[in-house]
Amino acid sequence: MDPARRGLLEKLMAAVRPEFRVDILFPAPDDPVLGWKFCAVPGCDRPASDYELCKGHGNRWRKLSDRPDRASFVTNPGPPLRGRSEPGRCTVAGCRYCGAGKGLCTRHRDRWQRSGHPDPAAWAAAAPAVEPAGQAECRLSFCSLWSESSLGLCKSHRTRRKDLASLDIEEFIAECERHGKAFIDFRGLSPQLKLELQYAVQTRHDEQTVTLPLHVASWTINRARECGVASLLERTEQEWRQMGLARRRKPGWEKLRNRSETFLIYARDAVETLHDGSGWEVEYPRDVWHVAKLSGLKQSAGGARSGIRLRFDRITQPWLRELGKRWVRYRLISGLSIPTAVSDVQALTRFSEFLTAAASTANGLADIDRPLLERYLAWLTDLPGGVSANESRVGGLHLFFQAIRQHRWDDTLPTTAAFFTGDVSRRRLPITRHLAEHVMAQVEQPANLDRWPYPEGRLATIILIRCGLRLAAACTLPFDCLLHDGQGAPYLRYVNTKMEREAAVPIDEELETEIRAQQRRVLERWPGGNPHLFPRLTGNASGQRPMSSDAYRGQLNRWLESCNVRDEHGRPVHLTPHQWRHTFATRLINCDVPQEVIRVLLDHDSMQMTAHYAKITDQTVRRRWEQATKVNIRGERVALDPDGPLAQAQWAKTRFAMATQTLPNGYCGLPVQKSCPHANACLTCPVFITGPEFMPELREQRHRTLTLIEVSNGKGQTRVAEMNQQVLTNLDRMIGEIEKDEAKEADAS
């Protein structure tokens, strides 16, 4: 045993619970991590693994010459499978001994032979019935035949027992009982290796995140057993991976081997963490940091992947590696995101490669000066990645040098070791990457939206199109993401993952209804509640993980292919979810929406972020709106709280309506993304809003409406009169409410 690994066995014995410290583990079917489904054949207790069939029924179905559809096969699957079928019994009435030929047991066959070999069926029918008194049954639960040996087995199972003579009777019975069932077999492993794999299964079970199919666990255990090691720690992670690569030969096993390799590496990490612990004191001295073992780091919107590694071992200069580790640690504990830390390590790795290939005489920071960095800039131009990649490499190295000087980590760094503005070619100014309306018409077509294989993906797409969210914000929407203002208008509450703050955007009633339906679907799967509107569909046993951006992108690409969405040139469209954000903003610009409104709707932090969409507009209209009296069609006052949590989003909705849908006698309060279903009937529209500045128009329209009602009644046009009576009622309510304020102002003066 490696001295560094001493004490691991004691820790394993203390950590592995009794229910997992068994030779054979039988997980429950409803276990969220280790669970399994029964075979679709009624009465079959084996796990489904082959088109909802167990292996036995799956093989039987494939071997049928006519091969019926699975539904028909399930209704008529044939006799019970081997290991679940009862051996043939004697045909003499009442006899339950095992058959031994001619349909007779050994005893009755001897009598039949002494009778001169008559017809067996006729002889059995005429034989006296056998009384079952005092007869013991076979010890196997699925066999009701009578025992014929001191071991308590029927003749057939006693014969099978001879083929497994190495097993004692109890082991033989247990082997027969579990044949074909769902279990994890830890037998045949060395004591410590068995505990290590048991601990890995227990840890995966307790985490309640990624599922562990039983066939993956069994395949992993078999690989560890074949290697003949006493501990998973006897080999490095890379050595385990190389073993997996060497075995990948048979087609069809690639996915299983990949999953097995992943769990094997996970098991090694779990055991290593149990022995060594986790945290900075453990990880920092290593040249490969496991991000999952570092707590308190800033996670990305979808959560950090547990397999992320920060590879300092590729930095070949020891002095550069040690300073790089110190710098990256400082950046991480200061709130730097993990993807940015990965980019920083890559920048240091590129610089190390340059020093090795073109500046091998540089033996420390003192040898780094401006001429050396200029050579590095020239060296970068030959690497793939272009301007964007080189900007990241140079920017990361610049921050590295800056931190060394700021924190006085090494005073030997020359002052000339610096980069300047213009060292890297400037990237082109960003342009709006909105989608053409020809493409959007296909994307938004209801028939195409219904092609989404999952309702979660369909709803996420609608939210991205109508609300302009970033993909990470849409994927991580909270379960309770709906808010309403004082007028009952719905808003979508989300977390701006880029700015790290909450924001809201107005939505229409149709989208609110779809979100309510998604909430019901989530509660059906997790009745106890779930923090996310879009929980991850796979690898999410506990339900605590949101849908990942990568998972949505994969679904999106398959959906676009199934819908055959094409551009104006007839070519298949390849779009990114972020293009819908650009399209959302561009559509607003085409409706003459001011830049400030767009900034609020997109939750940009500055005008510069929105500058490529539109020009700035003043805010005087909002101040007048806040100061004036507003009433809706029911005569209710409309209040806009400038300090409320929805102030910005509510004003954006109102300002958009005022800019593009101003009416002769009021404003439209319809959400930004929805077209008016009431045509020109604004005075019967539930989202109509007006104020005192429209009183002359309202009084004039009331006079015209009264005249129209009188004329219609005189001509017997009752339908026209009824429709205009509703308009008159609404006008009276609005005028009356506004006149109250006018009266108060007159009294005050």
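Trainee: Is Ala182 buried or exposed?
Mentor: Look at relative accessibility, which is 6% for Ala182. Buried means under 20% relative accessible area, exposed over 50%, and partly exposed in between, with a 1.4 Å probe and protein chains only. At 6%, Ala182 therefore counts as buried.

Trainee: What kind of model is this?
Mentor: Residues are numbered from 1 along each chain as its sequence is written, and side-chain values use heavy atoms, with hydrogens and water left out. Local features need pLDDT of at least 70, side-chain atom pairs count only at pLDDT 80 or more, and totals for chains, interfaces and linings use all residues, as the model is predicted.

Trainee: Back to Ala182: which residues is it in contact with, beyond its neighbours within four places in sequence?
Mentor: Ala182 sits in the loop between α7 (169-177) and β2 (184-185); helices (H or I, at least four residues) and strands (E, at least two) are DSSP runs, numbered from the N terminus. Contact means heavy atoms within 4.5 Å. Once those neighbours are set aside, Ala182 is in contact with Leu25, Phe26, Pro27, Trp36, Pro47 and Leu214.

Trainee: How many Å separate Ala182 and Lys37 in space?
Mentor: Along the sequence, they're 145 residues apart. Going C-alpha to C-alpha through space, the separation is 9.5 Å.

Trainee: Which residues are closest to the centre of the second largest pocket?
Mentor: On a 1 Å grid over the protein atoms alone, where a 1.4 Å probe fits, a pocket is an open set of points with protein on both sides within 12 Å along at least five of seven lines, and lining residues have an atom within 4 Å of a point. The second largest pocket holds about 1,700 Å³ of space, with points joined across faces, edges and corners and the volume being the space filled by probe spheres set on them. Of its 47 lining residues, the closest to the centre are Ala48, Ser49, Pro213, Leu214 and His215.

Trainee: Which helix gives the most to the lining of the second largest pocket?
Mentor: Three helices, α2 (55-63), α9 (214-227) and α11 (254-276), each supply at least two residues of that lining. With five residues, the one that gives the most is α9.

Trainee: Why is strand β6 largely enclosed by the rest of the structure?
Mentor: β6 covers residues 490-496. It is largely enclosed because, of its seven residues, the number buried is six.

Trainee: How many bridges join β6 to β7?
Mentor: Two strands pair if DSSP finds at least two bridges between them. β6 pairs with β5 (residues 482-484) in the antiparallel sense over three bridges. β6 also runs antiparallel to β7 (residues 501-506), where Pro506 is the bridge partner of Tyr491. The bridges joining β6 to β7 number six.

Trainee: Which residue has a positive phi in the turn between β6 and β7?
Mentor: β5 and β6 form a hairpin with five residues between them, and Gly488 in that turn has a positive phi of about 80°. The β6 and β7 hairpin has four residues between its strands, and a positive phi of about 60° belongs to Glu500.
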